[in-house]
Amino acid sequence: MSESEFEQYKSLKELSKSEGWTDVQFLEGLQDLINQTNSVAMFMLGDFYIKGIHVKKNVEKGLAWYIKARDTGYADAEKEVKRWEHTAYPVDLGNGEKMK
């Protein structure tokens, strides 16, 4: 993760608050960052799915976004993937294996 990726996410969050964006507007902005391969945005979307923030709670989708962030080299995402490895959620680890 580069410092600029974090700053981009932080700016998006601040803008959404100051402009009073809806969840949909915020998620559209987040998707724009993801399209730029922003690993922080990927990780945060995963976190939102796992916690049910801005989106309907969906742990499997959240884990899938953690894995995408991990695959870009984001260390916090690697930690979360490892933390979830031994859960009941069968998520593709990106190497042809599934979490068990």
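Student: Which residues in H3 do Phe26, Leu27, Leu30, Leu33 and Ile34 in H2 meet?
Tutor: This is a predicted model: local features need pLDDT of at least 70, side-chain atom pairs count only at pLDDT 80 or more, and totals for chains, interfaces and linings use all residues. Residues are numbered from 1 along each chain as its sequence is written, and side-chain values use heavy atoms, leaving out hydrogens and water. Helices are DSSP runs of H or I with at least four residues, strands are runs of E with at least two, and both are numbered from the N terminus. With contact taken as heavy atoms within 4.5 Å, those residues of H2 meet Ala41, Met42, Leu45 and Phe48.

Student: How many nonpolar, polar and charged residues are in the contact of H2 with H3?
Tutor: Ala, Val, Leu, Ile, Met, Phe, Trp, Tyr, Cys and Pro count as nonpolar, Asp, Glu, Lys and Arg as charged, and the others, Gly among them, as polar. By class, the contact of H2 with H3 comes to nine nonpolar, no polar and no charged residues.

Student: At what angle do helix H2 and helix H3 pack?
Tutor: H2 spans residues 23-35 and H3 spans residues 39-51. Their axes, lines fitted to C-alpha atoms over the stretch in contact, lie 9 Å apart. The angle, on a scale from 0 to 180 degrees between N-to-C directions, is about 140°.

Student: How far is Glu5 from the nearest side chain of opposite charge?
Tutor: Glu5 lies in helix H1, residues 3-19. With Lys and Arg as positive, Asp and Glu as negative, and His and chain ends not counted, the nearest opposite charge is Arg70, at 14 Å.

Student: What is phi of Thr37 near?
Tutor: Thr37 is one of the residues in contact with Glu5, leaving aside neighbours within four places in sequence. Thr37 lies in the loop between H2 and H3, and counts as partly exposed because its relative accessibility is 44%. Most residues other than glycine have a negative phi. Thr37 has a positive value, near 60°.

Student: In which loop does His54 lie?
Tutor: His54 also has a positive phi, near 70°. His54 is partly exposed, with a relative accessible area of 32%. Its loop joins H3 to helix H4 (59-71).

Student: With which residue does Lys51 form a salt bridge?
Tutor: Lys51 is exposed at 51% relative accessibility. The closest N and O atoms are 3.0 Å apart, and the partner is Asp47.

Student: Which residues do salt bridges that share partners join into one network?
Tutor: Arg70 is buried, with a relative accessible area of 19%. Arg70 meets Asp71 at 2.9 Å, N to O. Arg70 also meets Glu78 at 3.9 Å. The network is Arg70, Asp71, Glu78 and Lys82.

Student: How many Å apart in space are Glu85 and Leu63, C-alpha to C-alpha?
Tutor: Glu85 lies in the segment after helix H5 (75-84). In sequence, Glu85 and Leu63 are 22 residues apart. In space, their C-alpha separation is 9.8 Å.

Student: What percentage of the 100 residues in the chain is buried?
Tutor: The chain has five helices and zero strands. From the N terminus the elements run α-α-α-α-α. Buried residues make up 39%.

Conventions: Buried < 20%, exposed > 50% of the residue type's maximum accessible area, 1.4 Å probe, protein only. Salt bridge = Lys/Arg side-chain N within 4 Å of Asp/Glu carboxyl O.
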